Amino acid sequence: MAKIKITVEGYKCERCGHEWINRKQTTPLVCPKCHSPYWNKPRKNPTTKKSPG
Ligand SMILES: [Zn+2]
């Protein structure tokens with residue numbers, strides 16, 4: 001048996017780092033692990049300022 005590399009398209013949650021494969025053609029709404037709807041949005045707050053204290 002020859003050794004091959006199989007590549008499948010999957011998803012990775014930006015929040016919890018969970019990786020999974022979605023058999024459906026549609027983009028998943030939430031992460032199946034942490035159920036975050038922002039799983040595909042990096043944690044960035046460009047407009048948010050953190051006030052000291
Ligand atoms: Zn997640």
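Author: We shall go from the whole chain to single residues. Please keep in mind that this is a predicted model.

Reader: Which elements does the chain contain, and how many helices and strands are there?

Author: The chain has two strands and zero helices.

Reader: Why is the chain described as more spread out than a compact globule?

Author: One compares the radius of gyration with the value from the globule rule. Here the radius of gyration is 16 Å, whereas the rule gives 10 Å for 53 residues, so the chain is more spread out than a compact globule. Along the principal axes, the C-alpha atoms fill a box of roughly 65 × 25 × 15 Å.

Reader: What percentage of the residues is buried?

Author: Of the 53 residues in the chain, 6% are buried.

Reader: Where is tyrosine 11 found, and which residues does it contact beyond its neighbours within four places in sequence?

Author: Tyrosine 11 belongs to strand β1, which covers residues 11-12. Beyond those sequence neighbours, tyrosine 11 is in contact with Glu19, Trp20, Asn22 and Pro28. A residue with 20 or more other C-beta atoms within 10 Å is buried, and one with 12 or fewer is exposed. Tyrosine 11 has 16, so it is partly exposed.

Reader: Is asparagine 22 buried or exposed?

Author: Asparagine 22 counts as exposed, because it has 12 C-beta neighbours inside 10 Å. This residue is placed in the segment after β2. Leaving aside neighbours within four places, asparagine 22 is in contact with Tyr11 and Pro28.

Reader: How many residues apart are asparagine 22 and valine 8 in sequence, and what separates them in space?

Author: They are 14 residues apart in sequence, and 9.8 Å apart from C-alpha to C-alpha. Valine 8 lies in the segment before β1 and is exposed, with 6 other C-beta atoms within 10 Å. Between the C-alpha atoms of valine 8 and isoleucine 21 the separation is 7.8 Å, for 13 residues along the chain.

Terms used: Residues are numbered from 1 along each chain as its sequence is written. This is a predicted model: local features need pLDDT of at least 70, side-chain atom pairs count only at pLDDT 80 or more; totals for chains, interfaces and linings use all residues. The radius of gyration is taken over C-alpha atoms; the globule rule is 2.2 Å times the number of residues to the power 0.38. Two residues are in contact if their C-beta atoms, placed from the backbone, lie within 7 Å.
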